[in-house]
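This report describes how two protein chains meet and how one of them is folded. Please consult the sequence and the structure shown below while reading.

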Amino acid sequence: MKEATVKEAAAQEAAARETTAQEAAVAGWRPAPARSVVLRHDRVRQADLLVLPERVVVLSGRAADVLRLCDGHRQVGEIVDELAARFPGAPVADEVPRFLDRVREEGWLR
Amino acid sequence: MTGPPAPPWALLAELTHGCPLRCPYCSNPLELVGRSHELSTEEWEDVLWQAAELGVVHTHLSGGEPLLRRDLAAIVAAAEGAGIYTQLVTSGNGLSASRLSALVSAGLRSVQLSVQHADPVASDRIAGHRSFSAKERAAAVVRDAELPLGLNVVLHRDNLDAVDAIVDLGVAWGAERIELANAQFYGWALRNRTTLLPTRDQLSRASEVVERRRKQLAGTTELVWVVPDYFDGVPKPCMGGWGAVSLTVAPDGRVLPCPAAGTLPDLDIPNVRDRSLEWIWRSSPAFERYRGTEWMTGPCTDCPRRETDFGGCRCQAHALTGDASRTDPACALSPDHALVRALAEVPPPDDPESADAPRYVYRGARPEPRERATD
């Protein structure tokens with residue numbers, strides 16, 4: 001039982017560290033699409049797409065709403081605030097920075 | 001088929017069959033379209049507008065050598081204006097900084113450059129044209145313009161042992177993606193099959209190199225390995241299915257479900273000069289011919305992979321068996337698989353000269369050379 005508590009505490013600490021690293025990674029970052037990436041709406045398929053040199057990514061859910069705000073001017077915090085105002089009650093502060101980070105890892109945001 | 005087919009994603013625009021290179025595996029048809037029969041600027045603009053309406057998202061501006069088209073920037077601008085993402089597929093010959101700058105201003109998004117070998121002498125020998133230094137300059141120009149660069153390399157007996165060096169070259173040239181495509185044998189490549197066919201040992205060594213380099217380069221340079229279907233016993237899902245994902249427009253406006261489909265007999269090939277692209281994609285007999293699974297024969301009919309590989313390549317089935325509706329002989333389940341197996345297992349001819357200088361039948365003279373001199 002005690003061991004479990006220690007483990008939980010360690011996990012919580014690790015999670016906290018991760019959050020800090022993530023915050024550091026996004027601090028001051030003004031996300032913009034990578035040079036070769038185009039975000040566009042596809043009228044024919046009624047879908048939002050990320051278009052790359054050899055690939056098309058069909059965006060699901062609210063991904064396009066988030067990415068459309070990545071214009072190289074807005075900071076991550078500003079993007080979060082705008083989305084929070086637009087989608088009250090959605091877990092924006094938690095999920096958006098993580099999502100942006102993942103998209104950057106794919107090389108689609110800079 | 002129930003309902004209209006899903007819209008196409010990509011259009012391969014073969015702007016011209018003219019090309020300074022004479023590669024022995026050239027994928028253009030045996031009979032090239034002369035330059036006087038090419039679609040005009042206005043016709044290409046119209047094709048691209050129609051393509052966007054139909055759902056095309058990507059266009060690969062290819063050839064031949066698309067840079068031979070003086071109106072290339074106008075064609076790029078038409079694609080960009082229609083909302084289509086453009087990639088230039090080039091030998092690099094003729095890609096100066098000023099030419100690229102004009103194309104980028106018109107909306108060009110990325111460049112794919114062909115390379116024949118990492119060694120300049122070997123590359124020029126395979127291309128049948130002194131072209132390596134132009135390619136090197138072209139890569140630098142693309143990098144300076146900060147456009148994403150892809151390399152495409154057709155692999156065969158003469159360069160498979162150099163895959164490691166080819167990957168090094170791609171990294172040094174700043175390529176984000178290196179496509180290592182084992183030669184496919186139809187058209188001109190079929191003429192050179194004996195000379196181009198690698199050995200099984202070569203292939204397994206090369207594929208090990210690719211695996212190792214892929215791990216090493218993960219996250220920086222993407223390596224794409226297009227399988228040698230003669231050897232794997234698994235057919236390629238050609239074009240992602242007939243009339244399913246993309247279409248090819250030839251220099252004279254003929255529209256094909258795959259660039260090699262012009263080799264199939266009795267295929268009534270539609271032309272954008274006569275018909276709308278929408279009709280061609282949705283209703284033309286040529287695009288309906290091998291769409292879906294109903295046309296399938298032999299082991300394909302109840303195969304669990306029939307919607308994965310679509311029975312393989314129709315052009316290969318026709319080239320090897322004379323019947324385009326048969327299972328691709330590259331498939332181990334095909335009753336005709338022995339045809340491919342016999343070729344794959346034959347050791348290369350024991351010609352002492354062949355190791356240094358393979359005897360290629362180079363791609364023939366360019367179409368209508370006199371006309372080319374005037375453009």
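## The interface between chains A and B

In this predicted model, 10 residue pairs, both members at pLDDT 80 or more, are in polar contact between chain B and chain A. On the side of chain B that touches chain A, at least two residues each are supplied by α1 (41-54), β2 (58-62), β3 (85-90) and β4 (110-114) of chain B. The largest share of that side, 3 residues, comes from α1(B).

As to extent, 24 residues of chain B are in contact with 16 residues of chain A. The two chains bury about 1600 Å² between them, and 53% of this area lies on carbon and sulfur atoms.

| Property of chain B | Value |
|---|---|
| Secondary structure | 15 helices and 9 strands |
| Box filled by the C-alpha atoms, along the principal axes | roughly 50 × 50 × 45 Å |
| Buried residues, of 375 residues | 56% |

Chain B has a radius of gyration of 20 Å, which agrees with a compact globule, because such a globule of 375 residues would have a value near 21 Å. Among contacts in chain B between residues at least 6 apart in sequence, 73% join residues at least 24 apart.

Terms used
Residues numbered from 1 in each chain as written. Chains lettered and ligands numbered in written order. Predicted model: local features only at pLDDT ≥ 70, side-chain atom pairs only at ≥ 80, totals over all residues. Heavy atoms only, no water. Contact = heavy atoms within 4.5 Å. Buried area = accessible area lost by both parts, 1.4 Å probe. Polar contact = N/O pair within 3.5 Å; in protein donor to acceptor, adjacent residues only side chain to side chain. Helix = DSSP H or I, 4+ residues; strand = E, 2+ residues; numbered from the N terminus. Rg over C-alpha atoms; globule rule 2.2 N^0.38 Å. Buried < 20%, exposed > 50% of the residue type's maximum accessible area, 1.4 Å probe, protein only.
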